[in-house]
Amino acid sequence: MCIVLCLLMLAGSGTPVAKLKVIQPTEQALFIQSLALNVDIDNDAAVTTYDLTYFNANDRDLEARLEFPLPGDAFVTRFAMEVDGQLREGVVVDKAKGRQAYDEIVSMKVDPGLVEQVQGRDFRADVYPVPARDSKRLVIEILEVLPRDHRSWLYRPPVRLSELIKQGQLTINLKGSITQQKILGSYSNLRFTKTGNGLSMTTHLEQFPNDLEIEISSIAKLWRNDCDVNGSHYFRFVIPTNDRLTKVIKPTHISLFWDVSGSAMNRNRQKEWQLIESYLKQEDEVEVTVVPFSYHVEEVAFFTIQDGKTRDLEAFLMGLLIDGASCLGAVNFNNYHADLGLLVTDAVDTFCEDIPVIPSFPMHALASVPNVDTQALWQIVSLSGGRVIDLTASSVSQIADQLNHVSSVSDFQIHPLDGVPHIRRYTDSIEVIGKTQAETIAVRLQEHRFGPISLAGTESPWVAVLWANAEIARARFMHADHADSLRDIAIEFGLVTAFTSLIVLEDAWQYALYGIEPPPELLEDFEEALEDMADWEADQIQDSKENREAIQSEYDDLREWYAEEFTIPPLRPSQKVAEKAIKTHEWYTSVNYYLSSDPKNSGLRIKVICEQGDALPGVSIQIDNQQGNRSAVTDINGEAFINPDAGVYSMGAFMPGFNSVTFNDLKINADLQTLVTVVMRYASVEECLVVTASPATILLKVKPYDTDTHYINALLNLNDQQIQEQYAFQRAKYAESPSFYLDVASLLFEKQLGEMGHRVLSNLAELTPDTHNTLTLLAMHYRAHGYNWDAIWALAKVTMLRPDLPQAWRQLALAYLSTNEYQLALDLFDHVITGSWPQDPVGIGFISLEEKNALVAARKNLQAANPNLGDEPMHFDLRFCLTWDTPNSTVDLWVTDPRGEKCYYGNVQTKSGARYLYDIWQSYGPQVILVKKAIPGVYRIEANLYGDARTSLFGPISVQADIFRDYGRDNQKQTTRFLRFDEHNEINDQILIAEITIE
């Protein structure tokens, strides 16, 4: 179970707010038992430390998730978590490895904690467990550069909590070139005292109001901070310029790049427009090109603004549909000539990895939310002479004039210097961050020289961290293929980035198992664990060898089965008769038997035989008792075994015996001309006509689209324009629901509105970015509707996020197969087959080998090592494949043939020639059933939710069913269906996927 602690941002308020949300209504919310908030401010840099203690009032352990957006120049630099009563520091780890370690260790019910950057400025902390009726302490430290308004800054805690804290402590320390300070809000009565190098105050609070603000002013002169790390000097200068280095421009043509992706709903679009309107009213006449974009550029519009009349432009901007994923690199700014560019976006990329082109004209970026990706915006605009204009800290009247100014700096030198400095040009100052080996440096800014400047005496450890963060931002933004070097920098300086996370594990063995260097106190035990790992690694190598042998053995068994000849004996004909007793009863235990606490001696074994003596497979049996009911289906021999819940034994209790036995209706064939229905009831059987064989013609009857939702009903029977308008209206109510986008997109694709369906579906990436389950679901739907390259992008990202999941690599292989990239698909299948996977490597390897060999059989020119084809390729009339999108859950594939025999994990081979390949359960699948030669009648395909053991319940389980006809032949056809198990479904609920009629 997972309790989510959402640190949400109020749109346009400039105030990230923490809210405690309970996913399961029957659970009580975790609450903050105490908070120690420590604030260290050095000039315009602030380090805020949240020392939180959460309490769990429930009777069972809970998993906690802390989601929080951060301001644009803030990032996480420390994470610690309580383990065995002691605070343990987090260590930096590769992001994919950290997520793999956390997920696998949570399933072991031990103590991990993880902080990661999800997407853009969104961060997340996962903690397990918060003990039942107990507390858990965690510490998160955030470093930020405060937004500036000339020589003043306003400090607010980077994350504000949504509730009053019952008890806590507040500590504030100020140092640097600060001349004035003032505490605002509920804390205005607090006073600072002088310390050795600044000011400080500490107070204990019985309540913790949310409105802490500190106004800070600095002297108007050059000031610096620096530090030494491993012999290198890291420095940061802020040089006052007093507007001498800017020029005023009077544009005649403006290009306005307006982000209309889904996250634009969080921006303060009204304030953005107020600033643009204020600027345009100053101009006599100006041409405005509006370039709306999300993950692609939409229809461009042109306006002429005369005498400040902006009504048409305002109506156009405010009328644009806000929807879809986002990609800043989708816009080539230089395709739109302008004297000045205005970029209005939160700079979050959720749909692509394209690098934006630096504009050849001056361009400013408007930031109307505090968690805008400032690093990305500065990379774009600074080289053009523009700047990032912060709309959250100032009024429109205070900043409107900034749009007229661009940088004219042409001569800026620092000597000596390692690498390229990081420079930001503000209205009244220039910020420089750099690295050097020298003790002193000289700075020249046009005609003004500063230096030599000594790099000693102002030790500020956070300066090196700022340099590392700036270096990562620039390299990542300009060179997307430098992930390894960026990861090394992040690990060296302890940063949470797009490539790295902070993790806490329970013991040294877990750190050794995942190759993660632990905190210092565990180093000795870690070294010993590494020595012990040698035997474990040898076992892993042996296991890998045995897995490959097992995969080959499974495939050999499949070939032997395929070589068999299946002769289907017809059911014996008989006239319709009254109810008669079943000929044979073989009860291994009495119907009224009280079950033993020993599972070997418990349960009910039933054999069902019809009057003619034939065993009846596929009969659904339900057993009722005082605790509820259990069910089973007879196997190929007509036998079924029903066992009570295994949990009974662990409690050492007795379960009452079964009160009654009922046989549910069993339809053998739905063809009205040859209807065969066997109705099974307790101690009775009724038979009628029999099916005879005929040439096979496959007719697929797919379950009709479920329109039983308010928003889908509202979209039916509308024209294209009306659908878009109604969708926008419904989206306002269901914007946070992934199911809403899936349902609407499915309807749009059904109506042949592919472009709109594609955009609606892309909202999944915007809604829960960098979540491998969501990206997998997105890829599944894109591939089903022919958007294969979009599916490949999403799946490639999944393999980066979770390279330990073989299902992701298999899905990527199938996506490349859909684009005719056969050799790439083959190589990925081989990766799955030969890889060492943490869960069920034999099952996923076996199914991938079957798919690989089908590919090799169809494409003889492929370079395949040991394809294991046998004498001839295998062809099948039908192939069914089921996958699902959630971990720690099991969905079973059921295929019932026209004779009523069910093929599933409990009956892996049917008399009619169906074969269940392998029982892959507990996470994602796939489950596959092959039918060598289809027999006349109706095949019924179902998905059965066998179990759901997720530690976090985030929405329904989504299922993809692929139905192949003439599999492995030249005329192969594929149909894909998507279904969902609702959050309220019970275990053992079934969904009808399709019915296939063979004539």
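1. Start with Pro 416. This residue is in the loop between strand 30 (412-415) and strand 31 (422-425). Strands here are DSSP runs of E with at least two residues, helices are runs of H or I with at least four, and both are numbered from the N terminus. The peptide bond from His 415 to Pro 416 is cis, with omega near -10°.

2. A word on the source. This is a predicted model, in which local features need pLDDT of at least 70 and side-chain atom pairs count only at pLDDT 80 or more, while totals for chains, interfaces and linings use all residues. Residues are numbered from 1 along each chain as its sequence is written, and side-chain values use heavy atoms, with hydrogens and water left out.

3. Another cis bond deserves a look. A cis peptide bond joins Tyr 128 and Pro 129, with omega about -10°. Pro 129 is placed in strand 10 (residues 122-130).

4. Asn 43 has a phi near 55°, a positive value in a residue other than glycine. Asn 43 is found in the loop between strand 3 (31-42) and strand 4 (45-56). Is Asn 43 buried or exposed? At 2% relative accessibility, Asn 43 counts as buried. The cut-offs are these: buried means under 20% relative accessible area, exposed means over 50%, and partly exposed is in between (1.4 Å probe, protein chains only). Asp 307 also has a positive phi, near 55°, and is a residue other than glycine. The loop that holds Asp 307 runs between strand 25 (301-306) and helix 3 (311-319). Asp 307 is exposed, with a relative accessible area of 63%.

5. Next, helix 13 (residues 738-750). Helix 13 has 13 residues and reaches 19 Å from its first C-alpha to its last, close to the 18 Å expected. The expected span is 1.5 Å times one less than the number of residues. Eleven of the 13 residues are buried, so helix 13 is largely enclosed by the rest of the structure. Among the buried residues are Phe 740, Tyr 741, Asp 743 and Phe 749. What covers them? The cover of the buried residues includes helix 11 (710-715), helix 12 (720-734), helix 14 (754-767) and helix 15 (772-784). Strand 51 (957-967) and strand 52 (973-981) are also included. Contact means heavy atoms within 4.5 Å. Gln 752 follows helix 13, and its phi is positive, near 65°.

6. Helix 16 (residues 788-801) can be read in the same way. Helix 16 has 14 residues and reaches 20 Å from its first C-alpha to its last, close to the 20 Å expected. Helix 16 is mostly covered, with ten of its 14 residues buried. The buried residues include Asn 788, Trp 793, Lys 797 and Leu 801. Their cover includes helix 1 (95-106), strand 9 (113-119), helix 15 and helix 17 (806-818).

7. On to the rings. A search of the whole structure finds 26 aromatic pairs. Rings of Phe, Tyr and Trp (its six-membered ring) pair if their centres lie within 6.5 Å; planes under 30 degrees apart count as stacked, over 60 as edge-to-face and the rest as tilted. The rings of Trp 789 and Tyr 816 have their centres 6.2 Å apart and their planes at 80°, so the pair is edge-to-face. Trp 789 lies in helix 16 and Tyr 816 in helix 17, so the pair ties together parts that are 27 residues apart in sequence. Trp 789 is exposed, with a relative accessible area of 52%. Tyr 816 is buried, at 17%.

8. Phe 876 and Tyr 967 form a tilted aromatic pair, 6.5 Å centre to centre with 35° between the planes. This pair links distant parts of the chain: Phe 876 is in strand 45 (residues 876-884) and Tyr 967 in strand 51, 91 residues apart. Both Phe 876 and Tyr 967 are buried.

9. Ring pairs also build a cluster. Its members are Tyr 295, Phe 351, Phe 749, Tyr 782, Tyr 787 and Trp 793.

10. Last, charges over rings. A charge sits over a ring if NZ of Lys or CZ of Arg is within 6 Å of the ring centre and within 35 degrees of the ring normal. The charged end of Arg 267 sits over the ring of Trp 258, 5.4 Å from its centre. For Lys 902 over the ring of Trp 894, the distance to the centre is 3.6 Å.
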